[in-house]
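Colleague: I have just opened this one and would like a short tour. Could you take me through it slowly?

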Amino acid sequence: LVILGILLICASIFTREFLTISNLTNVMLQVATDGIVAVGATFVIISGGIDLSVGSLIALVSVITIMLQTHFSTPVGILVSLFSGILVGLVNGLLITRVGISPFVTTLGMMTLIKGIALAISDSRSHSGIDPDFARLADRPILGIPFAAMIFLIFIFIANTFLVKTSVGRGYYAVGGNPEASWLAGLNTNRYILMAYAFCSFCTAVGGILLTSRINTGSPIIAGDTGTTVVSAILLGGTSMAGGIGTVYGTFVGVLILGILKNMMNLMGIGGYYQTIILGLLLVITVLADRTHYDQSKNS
């Protein structure tokens with residue numbers, strides 16, 4: 001929160017355009033897709049895992065949505081995309097829990113597989129949408145807030161309430177903190193992990209559909225940096241890579257920090273390569289801080 005406050009002050013001082021309604025609306029739209037993905041990924045990291053396949057899944061969802069929209073209808077494309085997302089999450093979860101493959105290797109392999117599928121079914125080309133209503137979906141205002149941002153806020157509220165207020169939600173912290181003790185206490189740890197990956201992929205599919213609506217294009221090469229951005233936001237929000245620690249509201253703050261930082265650098269004319277360097281350094285610093293905090297907690 002302190003970092004977010006400092007960023008808001010700096011952005012307001014150094015860039016006159018930051019506090020304009022049009023720019024703030026643009027920031028909300030920019031963070032919505034990654035934010036929705038981050039909500040689901042928070043469950044995975046809290047439960048002690050990681051999902052590297054989210055960026056490739058967004059690309060696959062993008063291609064499926066537009067291509068089925070062209071050949072059938074928009075609702076068919078959306079439904080198949082959501083189903084595909086859940087299926088990917090279930091496969092990830094089953095490989096981790098039943099086969100025993102590590103989350104890193106599982107999702108890395110799935111990332112490559114999904115990217116190949118997206119390239120194959122799209123013939124390595126981008127395809128434009130043909131439904132004008134779908135193209136306006138993400139930007140359509142509801143109570144003055146873009147639809148995509150409204151969905152993001154709804155996901156934040158529901159997911160945080162579930163994690164904090166329900167016994168099932170608190171089980172994710174137990175599974176991430178100590179899987180063996182959780183299993184001995186009667187929790188079905190495999191089911192928790194499976195559902196975490198399924199929910200993460202569902203959120204990714206929703207975010208991919210909204211991003212596809214914004215650009216009105218199905219592309220097999222979009223969202224290449226989504227995985228890095230999502231993990232950065234989650235760690236900035238206080239969730240530990242060691243598992244068992246974190247909140248969805250913290251992830252929300254982390255997403256805002258990255259969104260405002262990117263927006264401020266764009267308004268200040270900082271080039272894309274330098275932005276990548278800055279965000280990469282931020283991720284490294286955040287991981288080091290998380291590791292240091294974990295070591296101190298373990299020693300104490």
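Modeller: Before we look at how helices pack here, one convention is needed: an axis is a line fitted to C-alpha atoms, for helices over the stretch in contact, and angles run from 0 to 180 degrees between N-to-C directions. Please also keep in mind that this is a predicted model.

Colleague: Fine. At what angle do helix 8 and helix 10 pack, then?

Modeller: Helix 8, which covers residues 167-177, packs with helix 10 at an angle of about 100°, and their axes are 10 Å apart. Helix 8 and helix 10 are therefore described as roughly perpendicular to each other, since angles of 65 to 115 degrees are given that name.

Colleague: Which residues in helix 8 and helix 10 meet there?

Modeller: On the helix 8 side they are Ser167, Val168, Gly171, Tyr172 and Val175, and these meet Thr189, Tyr192, Ile193, Met195 and Ala196 in helix 10. By type, the residues of this contact divide into seven nonpolar, three polar and no charged.

Colleague: And helix 2 with helix 10, are they roughly parallel or antiparallel?

Modeller: The axes of helix 2 (residues 21-46) and helix 10 (residues 189-215) come within 7 Å and cross at roughly 170°, and the two helices are therefore roughly antiparallel to each other. Helix 2 contributes residues including Leu29, Thr33, Ile36, Gly40 and Phe43, while those from helix 10 include Ala196, Phe199, Cys203, Gly207, Leu210 and Arg214. The residues of this contact divide into 15 nonpolar, five polar and one charged.

Colleague: Let me stay in helix 2 for a moment. Is Thr42 buried or exposed?

Modeller: Thr42, which is found in helix 2, counts as buried because its relative accessibility is 0%, and the cut-off for buried is under 20%.

Colleague: What does Thr42 touch?

Modeller: If residues up to four places away in sequence are not counted, Thr42 touches Ile234, Thr239, Thr247, Val248 and Thr251.

Colleague: Changing topic: how many helices and strands does the chain have?

Modeller: The chain has 13 helices and four strands. Its radius of gyration is 19 Å, close to the 19 Å that the globule rule gives for 300 residues, so the chain is as compact as a globular protein of that length. Along the principal axes, the C-alpha atoms fill a box of roughly 55 × 50 × 35 Å, and 49% of the 300 residues count as buried.

Colleague: What about contacts between residues at least 6 apart in sequence?

Modeller: Among those contacts in the chain, 78% join residues at least 24 apart.

Colleague: Where is Leu8, and what is it in contact with?

Modeller: Leu8 sits in helix 1, residues 2-14, and, leaving aside its neighbours within four places in sequence, Leu8 is in contact with Phe18 and Ile260. With 35% relative accessibility, Leu8 counts as partly exposed.

Colleague: Which residues other than glycine have a positive phi?

Modeller: Asp123 is one of them, with phi near 60°, and Leu143 is another, with a positive phi of about 55°. Asp123 lies in the loop between helix 5 (103-121) and strand 1 (127-128), whereas Leu143 is in the loop between strand 2 (141-142) and strand 3 (145-146).

Colleague: Are Asp123 and Leu143 buried or exposed?

Modeller: Asp123 is exposed, with a relative accessible area of 54%, and Leu143 is exposed too, with a relative accessible area of 81%.

Terms used. Residues are numbered from 1 along each chain as its sequence is written. This is a predicted model: local features need pLDDT of at least 70, side-chain atom pairs count only at pLDDT 80 or more; totals for chains, interfaces and linings use all residues. Side-chain values use heavy atoms; hydrogens and water are left out. Angles under 35 degrees count as roughly parallel, over 145 as roughly antiparallel, 65 to 115 as roughly perpendicular and the rest as oblique. Contact means heavy atoms within 4.5 Å. Ala, Val, Leu, Ile, Met, Phe, Trp, Tyr, Cys and Pro count as nonpolar, Asp, Glu, Lys and Arg as charged, and the others, Gly among them, as polar. Buried means under 20% relative accessible area, exposed over 50%, partly exposed in between (1.4 Å probe, protein chains only). The radius of gyration is taken over C-alpha atoms; the globule rule is 2.2 Å times the number of residues to the power 0.38.
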